[in-house]
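Please keep the sequence and the 3D view at hand while reading.

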Amino acid sequence: MSNSTGTRPTEEKGNAAGPLAGVRVIDMSTVVMGPYAAQIFGDLGADVIRIESPRDSARLGTTHRTPGMTPLHLNVNRNKRSVELNLKDPEERERALGLIDGADLLITNMRAGALQRLGMDYENLAQRNPALVYAHAQGFRPDSSRAELAAYDETVQAASGMIDLAQRAGDIGTPVVLPSILADKVTALTIAYSAMAALLHQRATGEGQRVEVPMADTLLSFNMIEHLQGNAFEPPMGPTGFPNSLNQGHRARPTKDGLVMIIPYTPRNFRDLFAAAGRPDLVEDPRVNGEFIDVRQDGQDLAQLIESVTPELASDEWIEVGTKHSIPVGPVLRLDEATEDPYVREGHLLDVAEHPTEGSYRVVGIPMNFSRTPASVRKHAPLPGQDTAEVLGGPDRPDETQE
């Protein structure tokens, strides 16, 4: 079941490919943020052992063939072995500690207080395993006044300014949450690259360390890269908000046969677009003949002009125009039709695989390619506790090539 991109699950033995082959990861996290970070390590070749509580919320849901095998779980917990342990039980907790003793990396998003009560805080674990990289993520910094707040993606979007940005960009009266668990996923990516950096230090020195990745801090930093704007200076020289991103004219455009996302940025982009639409009068508009486009002053008016001319051509014709003149353009992908999109199919981004218990299902593809150490989906997401006996009864570090 392998292919040239190495993104499909494979039943082949001896396939330990991946730049992180030989790294042992303990995933002691729940829902999406921690599990997604650990999934990345698994895709890159690490041996990931997932310590699950008897009831993990990622396994809850009404869409499944087997209880606990939800669409979310099938992808975010692939390339892992599942060990079911109740950490509140002293005997089972000691088994979990034994697994951590032999690990390179622990990923957890349990609250700091709960970890301390379980004796699984960094200080205790570092005494047992000084080389351990301890990647801890929660909503807010553990040493802050908000440390004990129950943080979810929606509350972190609010605390990071993301909801404010969405309201300003959409000019809507009621603030809305972006329809993606952005805070969880951006934090997961941050956990992944931070932990890999700590592993590089570990390999060079033998030293472990604690890596804290608070969600609110991560998303605020993410937002402020472009949106700090005038507030970058002290005193401020202008408002926050990146004008191009907050331009309310940033939306899909109607075409002769549907929609297309076409976003001219430069004066030349605008002139080429208007010329392709057969509007030489707009090509001469002084607003598109200066050194730059004044988005704050003219952005909304120019957006209306774009939408007045895009129905002149079909979507594919606009993509040809964009390609010819280097105008940012692309198709509008509807998620329900994603599996039929040529780009998605060619990149094996949603291939069908056969799960041993769940049958046919779609695998979210790996978005990067390595020329020498390819990432791969080697293991299907496990049933709850599927690998408990193998992991707890096996050798300290089993052969990485075994399913």
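## Helix α11 and its two partners

Helix α11 passes helix α14 in a right-handed crossing. On the α11 side, the residues in this contact are Asn269, Asp272, Leu273 and Ala276, and on the α14 side they are Trp318, Val321 and His325. By class, the contact of α11 with α14 holds 4 nonpolar, 2 polar and 1 charged residues. The model shown here is a predicted one.

How do the axes of α11 and α14 lie relative to each other? They come within 11 Å and cross at roughly 140°. An angle over 145 degrees would count as roughly antiparallel, and α11 and α14 are therefore oblique to each other.

Helix α11 (residues 267-276) and helix α13 (residues 295-309) have axes that come within 10 Å and cross at roughly 30°. Angles under 35 degrees count as roughly parallel, so α11 and α13 are roughly parallel to each other. In this pair, α11 passes α13 in a left-handed crossing.

Which residues of α11 and α13 meet? From α11 come Phe270, Leu273 and Phe274, and from α13 come Leu302, Leu305, Ile306 and Val309. The residues of this contact divide into 7 nonpolar, no polar and no charged. Leu273 of α11 is named in the contact with α13 and also in the contact with α14.

## Helices α8 and α9

The axes of α8 and α9 come within 9 Å and cross at roughly 95°. Because of this angle, α8 is roughly perpendicular to α9. Helix α8 brings Leu182, Ala183, Asp184, Val186, Thr187 and Thr190 to the contact, where they meet Met215, Thr218, Leu219 and Phe222 of α9. Sorted by class, the contact of α8 with α9 has 6 nonpolar, 3 polar and 1 charged residues.

| Helix pair | Axes come within | Crossing angle |
|---|---|---|
| α11 and α13 | 10 Å | roughly 30° |
| α8 and α9 | 9 Å | roughly 95° |

## The buried side of α7

Which residues are buried in helix α7 (residues 162-170)? They are Met162, Ile163, Leu165 and Ala166. These residues cover an arc of only 160° around the axis, so they lie on the same side of α7. The buried residues of α7 pack against α6 (153-159), α8 (182-205), α9 (215-227) and α10 (243-246). Just after α7, the backbone at Asp171 takes a positive phi of about 50°.

Most residues other than glycine have a negative phi, and most peptide bonds are trans.

Gln229 is not a glycine, yet its phi is positive, at about 45°. Gln229 lies in the loop between α9 and α10. Is Gln229 buried, exposed or partly exposed? Its relative accessible area is 30%, so Gln229 is partly exposed.

Pro235 also lies in the loop between α9 and α10. The peptide bond from Glu234 to Pro235 is cis, with omega near 0°.

His348 is another residue other than glycine with a positive phi, here near 55°. His348 sits in the loop between α15 (342-346) and β10 (350-355). Buried means under 20% relative accessible area, so His348, at 16%, is buried.

## An exposed proline

Pro286 is in the loop between α12 (280-283) and α13. With a relative accessibility of 66%, Pro286 counts as exposed. Along the chain, Pro286 and Pro267 are 19 residues apart, and their C-alpha atoms are separated by 9.6 Å.

## The chain as a whole

The chain contains 16 helices and 11 strands. Of its 403 residues, 46% count as buried. The C-alpha trace spans about 80 × 55 × 45 Å along its principal axes. Among contacts with a separation of 6 or more, 70% are between residues 24 or more positions apart.

Conventions: Residues are numbered from 1 along each chain as its sequence is written. This is a predicted model: local features need pLDDT of at least 70, side-chain atom pairs count only at pLDDT 80 or more; totals for chains, interfaces and linings use all residues. Side-chain values use heavy atoms; hydrogens and water are left out. Axes are lines fitted to C-alpha atoms, for helices over the stretch in contact, and angles run from 0 to 180 degrees between N-to-C directions. Helices (H or I, at least four residues) and strands (E, at least two) are DSSP runs, numbered from the N terminus. Angles under 35 degrees count as roughly parallel, over 145 as roughly antiparallel, 65 to 115 as roughly perpendicular and the rest as oblique. A crossing is left-handed if the near helix is turned anticlockwise from the far one by less than a right angle, and right-handed if clockwise. Contact means heavy atoms within 4.5 Å. Ala, Val, Leu, Ile, Met, Phe, Trp, Tyr, Cys and Pro count as nonpolar, Asp, Glu, Lys and Arg as charged, and the others, Gly among them, as polar. Buried means under 20% relative accessible area, exposed over 50%, partly exposed in between (1.4 Å probe, protein chains only). The arc is that of the directions from the helix axis to the C-beta atoms.
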